[in-house]
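The following exercises are to be worked through with the sequence and the model at hand. Each task is followed by a solution in steps.

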Amino acid sequence: MALLEIVGLKKSFGGLNALQGVDFRIDRGEIVSIIGPNGAGKTSFFNVTSGIFPPDAGTIRFKDEDIAGLPPNLITERGLARTFQNVKLFPNLTVLENVMVGQHCRRRSGAWDAILRTPRFRREERETEERAREVLSFFGSRLSGYRLEQPASVLSYANRRRLEIARAMATEPDLLLLDEPTAGMNPRETAELTELIGKLRTEKGFTVVVIEHDMKVVANVSDRVVVLDHGVKLIEGDYATISTDETVIEAYLGRPESKEGAA
Amino acid sequence: MTATSAAPARRSRQRRFTAVDVILWAIRIGAVLIIGFGLFGSVGNFLAGQGPSATAWRDLVVAGLAQGAMYGLIALGYSMVYGVLGFINFAHGEVFMAGSLIGFFAADAMVRGGLWERNILLALAILIAVSVTVSTLMAVVIERVAYRRLREAPRLIPLITSIGVSFFIQYSFSGLFGVNVRSYPALPGALGGRVSILGVPIEATKLIVIVVAIIAMIGLFYFVNRTRTGRAIRAVAEDKEIAALMGIDVDRTIVMTFAVGGAMAGVAGALYGLLFRGIVFYTGFLPGIKAFTSAVLGGIGNIPGAMAGGVLLGLFEGVGPLLILGGLGIPSVTQLKDVVAFSALVLMLIFRPSGLFGERIGSEDRA
Amino acid sequence: MATTTTPEVAPEVAPALEATPFEPRRGLTVGALGALALILVLTNGMYLTFLPRELVVGVLDLGTLALLLIGLIVGSRAAVHLPRPGRVDIPTVPRDVVVSLLAGAVTSLGAVLVVLAIDAPWDLRSAFPNLSPQLRTALVGEAGLGGLLTSIAAPILLAAVLGGASRLLGRRVRRALVVGTEVTLGLSMIELVARDLLGNVGLAALHKAMWVTNSGIRPLPAVALFAVATGLAFALGRRGPRERRFHAAEARTTRQRTVVLVAALAAALILPAFFGLIVNELLVNVGIFLLMALGLNVVIGYAGMLNLGSIAFFAVGAYGMAVLTSPTSPTFAPALSWWVALPIVVGLSALAGLLIGAPVIGLRGDYLAIVTLGFSEIIRLLFLSDWLGPYFGAAQGIRSIPGIDVGFTTLSGIDPRGMLYITIVFVLVAVYVSKQLQDSRVGRAWAALREDESTAQAMGIDTQQSKLLAFVIGAILASFGGALFAAKVGTVFPNSFALLVSIIILVVVIVGGMGHIPGVIVGAVVLIGILGGPRQPGLLQEFGEYKLLIYGAVLIYMMLQRPEGLVPSVRRTRELHAEEFSQDAWFDRKGRFIDDDADTDDGKA
């Protein structure tokens, strides 16, 4: 049974057909990369899947339920979390608070619990903070110690990307959508993050879809690669197949020697 | 195998219907019912020969048109500033009030000097010139002192500032000019009565108001569409950064936007004096908020839209209370005139914030 | 926005340090604006109204204080160093003092115009009722224009020079002087409070030694207090205010918080017993408006929605209480007791919060502001209308609302002390509720929502529900104020619920510091307590008709200069000074540079 199965996904903005009937499926425990030139519809694919925009047509079945048209918060609650291409943190909340916000949909205490400080509230607050620290510890010393109390706005670019992944992890998802997680990172940081993406599956058991421009990352992390171009799926397969495919090279790689691709 | 051929999934509702939607629908249905029953009642009354006569309705329509033309003029200022800077200049009503109140002193002086009786056309021209000058200056000074430093601030900061400016101007004027209502002089001679247009007798004052408003609007339309400065204003409204790259002086253009908006408010100020006579420091608030409603009605940033929105709101406000609320049998409906206007504002912003004719605002202002 | 350059920093790798050239033009421009302000203050009658109120007896009155304030602002604005790329400017006497002096002189010329206008042959008084012979006498006596030198020019020039020279002093000295002045002025305004307090504990003699009854503070104690306060502030002010603000949260320990809290509670319980009628009455007003402000704080400070119709919830509270308790309520008069009616009123307000909130929460921020304003005006106009007159009494409102029966006595407007105690109880409840919500899952959702709504939703927050909750909580807190207001005044009528009140509450929240409870409390005490509420006089009754002008000016000033408020929350300061802060944040608390992008961690963790 596929964890996420998408059939005939269509979305257009004004006259622009961002997605023209994309099919996609991913099974539990897989790591799939989505690549494609700029404007191929990769981020639109994430936006529609995560509910930021409703699809014009098509079905999105997640854990055997059609989630097309649900608002983003309910999709997140059902276990599908994401990060953004242009990092979207809560800049004036601290690192710890940012991650605690991610726990929101996993907790139930409401206004009454907060006002009366009920046992449930105390327990949940404690768990929320513990969980947030645990998630952050996944990044080793990068986001620990004094950084927990720093506002997100002062973090380095790489750390913001890490924090965003941490926040998505805190929503306790089954499926994680990472939109260009290594963009703007130096080679060392990229290598580190590549390893972390692998660990997301082996240690945390997440299923991951990643949009990536860095072919080295794609080659290293993915079980399968999906190539999008002009809102349609060009081809999919393992990295070796993809990287030698004529149509892909024509549409995207063009110059195989430039590994940064069209970024 | 595709999903459609698979076993039917537990399908969640495509569009979730929340409590908020319930309330929104309740408001929609309520508004339609009120308007529907009101119209039905009024038409019934009219056919039965009860309620206001045909001439009374005609006068209401004319009054609504005159008032609406004035709202349209003020609305231009809201609309243009929103188009260019992306915030509601709450103090624009005060710009209008300032022109009107200072205009009163000019009119008063002309009455005492005798010009008002001798040559009313010249007197009106002077009156409008005075009130336009005052309002324009006021708008430009406000921009310089209060708003210029807030260009990059979050959208709500200039709005809150403009509320402060509005307060400050109102109560400065109450201190400077006192709290008594100043009363514009009536138009002299035949102009105080009615003139006949196509056999329909219309109050001369209202006719003058409508004519002057139309002239001002044509002038503005020409200015915005045919002059360099007008083009610069439109370019800056579209995208400030690119306009600057194209060699447009953004600061100067923004000042011009305020100046033009202020000038139109000045014209409206003089017309308000002729139409309603009484003016005092807090007079700016209600016409201001109604003009903002007009701007939204016509689509923020849309110049012809603002004019049309003003006329529509004026008509609605003139005829609406009697037509709708009167039809429901509610007593003393004129008291509820402002309720009707505020309801129009609220309903418009909630259900169609982009206006009837489409808003035109820069890309960075679309939230 | 940051207009202050910081010459004290002097880093080794500094850009060129050099004196800014003498800029007389800036002095002239600022002076011209100052002259306009002076003309306004003289011509709108403010100066003449303020003159009789002494602050430091025989030395300083409220009118002169207004002049000093104008001079101070003009002087400091004239001496602002416009930033020039690659240069750190150092202040000098000619640049800062001479330009300020010039600006002050130009400002003073405004008064000449006013005197000339009074002497003019035309009848200007019909337009400007305050251009009176009395104003002329106050300005120049019987003399010619020369009299202006002492009455107007002297204070303005003095203040302008001080304002200009303040940059020559170190930041610490400047800060200490400001604190000293604030303390002295504050004490000079609270003669009445001191009289009640000291008189009732047998220290009437101390009051007599320091203050003049119904007037201000005596000169000698003023000087002594100023010296002590300045000295203390200097001694304690090692950290600059900005750094302190950023580190405020971490600096304050739990124990310090408890001490402050217990002290405040004790003061709130004990002090009313020593205050007289007027002061207690005043504090009841502060409390009632504070409740409204705390309600608005939830909506605007926590959830980030600019509600311009907060008065609507207050009105629902007050009218609900009036209809339910007053025996003379026109149609429906169950004449319940206040306590029985309270839960019903709270329920009604929550419903109002839901009904007003639901349609507006989907709107963008500025439209939300206007729609809430529209709703509050619709509600007021409906209460005012003859149509609903049979239920709400139209313009006459509802009268004979009984007080609050607390067993041994009935609390109402004639017993301000009792009223104050019950108001304090409700304020405590409101503060507690706000605080608990802020530090909770709900509060975090609000914070996330305020920062970035669409991301918050993508992270699993039900934005509709969170926003509605903020509206409902805000409405409930405001309705407490309304319910108390009805019982206190005994009458409700529509004009008590004008838009004006919403705006004043907004100013209170903004001046204090949005989203920060101590800030909101300080805002309410300072503004409502000293300036007064929309219709309620404050401690300085002379402000009377001018207080609304001052509210407007304060709002503009705060937005331009200190949008985070007087007592800001750390988070709000970050939001509004993001750039400065992120520069600071590269240094850790000991001033070492934090190399965030370093490949190897620096071993701190």
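**Exercise 1. A helix and its span**

Solution. The model is a predicted one.

**Exercise 2. The side of chain C that touches chain B**

Task: Describe which helices and which kinds of residue chain C brings to its contact with chain B.

Solution. 
Step 1: Chain C contributes 45 residues to the contact, and chain B contributes 43 residues.
Step 2: On the side of chain C, at least two residues each come from helix 1 (24–43), helix 15 (338–360), helix 16 (365–384), helix 22 (499–512) and helix 24 (547–561).
Step 3: Helix 16 of chain C supplies the largest share, twelve residues.
Step 4: By kind, the side of chain C that touches chain B has 32 nonpolar, nine polar and four charged residues.

**Exercise 3. A lysine in chain C**

Task: Decide whether C:Lys488 is buried or exposed, and list its contacts.

Solution. 
Step 1: C:Lys488 belongs to helix 21 (residues 463–489) of chain C.
Step 2: The cut-off for a buried residue is 20 or more other C-beta atoms within 10 Å. C:Lys488 has 26 C-beta neighbours inside 10 Å and therefore counts as buried.
Step 3: Leaving aside residues up to four places away in sequence, C:Lys488 touches C:Val284, C:Ser412, C:Gly413 and C:Met419.

**Exercise 4. A sheet in chain A**

Task: Give the strand order of the six-stranded open sheet in chain A, and explain why one side of each edge strand is left without a neighbour.

Solution. 
Step 1: The order of the six strands is 6-7-8-3-9-10, with mixed pairing.
Step 2: Strand 6 (80–82) and strand 10 (232–237) of chain A are at the edges; each has a single partner strand, so one side of each lacks a neighbour in the sheet.
Step 3: From one strand to the next, the twist averages 20°.
Step 4: Strand 6 of chain A pairs with strand 7 (residues 175–179) of chain A in the parallel sense, over three bridges. A:Leu80 has A:Leu175, in strand 7 of chain A, as its bridge partner.
Step 5: Two helices lie across strands of this chain. Helix 1 (residues 42–49) of chain A runs at about 145° to strand 7 of chain A, whereas helix 7 (residues 187–202) of chain A runs at about 155° to strand 8 of chain A.

**Exercise 5. Confidence in chain C**

Task: Determine where in chain C the pLDDT falls below 50.

Solution. 
Step 1: Chain C has a mean pLDDT of 85, and 86% of its residues reach 70 or more.
Step 2: Residues 1–12 of chain C have a pLDDT below 50; this stretch has twelve contacts in the model beyond near neighbours in sequence.
Step 3: Residues 581–605 of chain C also stay under 50, with 26 contacts beyond four places in sequence.
Step 4: For the complex, the predictor gives an ipTM of 0.91 and a pTM of 0.90.

Key: Residues are numbered from 1 along each chain as its sequence is written. Chains are lettered from A and ligands numbered from 1 in the order in which they are written. This is a predicted model: local features need pLDDT of at least 70, side-chain atom pairs count only at pLDDT 80 or more; totals for chains, interfaces and linings use all residues. pLDDT is the predictor's confidence in each residue, from 0 to 100. Two residues are in contact if their C-beta atoms, placed from the backbone, lie within 7 Å. Helices (H or I, at least four residues) and strands (E, at least two) are DSSP runs, numbered from the N terminus. Ala, Val, Leu, Ile, Met, Phe, Trp, Tyr, Cys and Pro count as nonpolar, Asp, Glu, Lys and Arg as charged, and the others, Gly among them, as polar. A residue is buried if 20 or more other C-beta atoms lie within 10 Å of its own, exposed if 12 or fewer, and partly exposed in between; C-beta atoms are placed from the backbone. Two strands pair if DSSP finds at least two bridges between them. Axes are lines fitted to C-alpha atoms, for helices over the stretch in contact, and angles run from 0 to 180 degrees between N-to-C directions.
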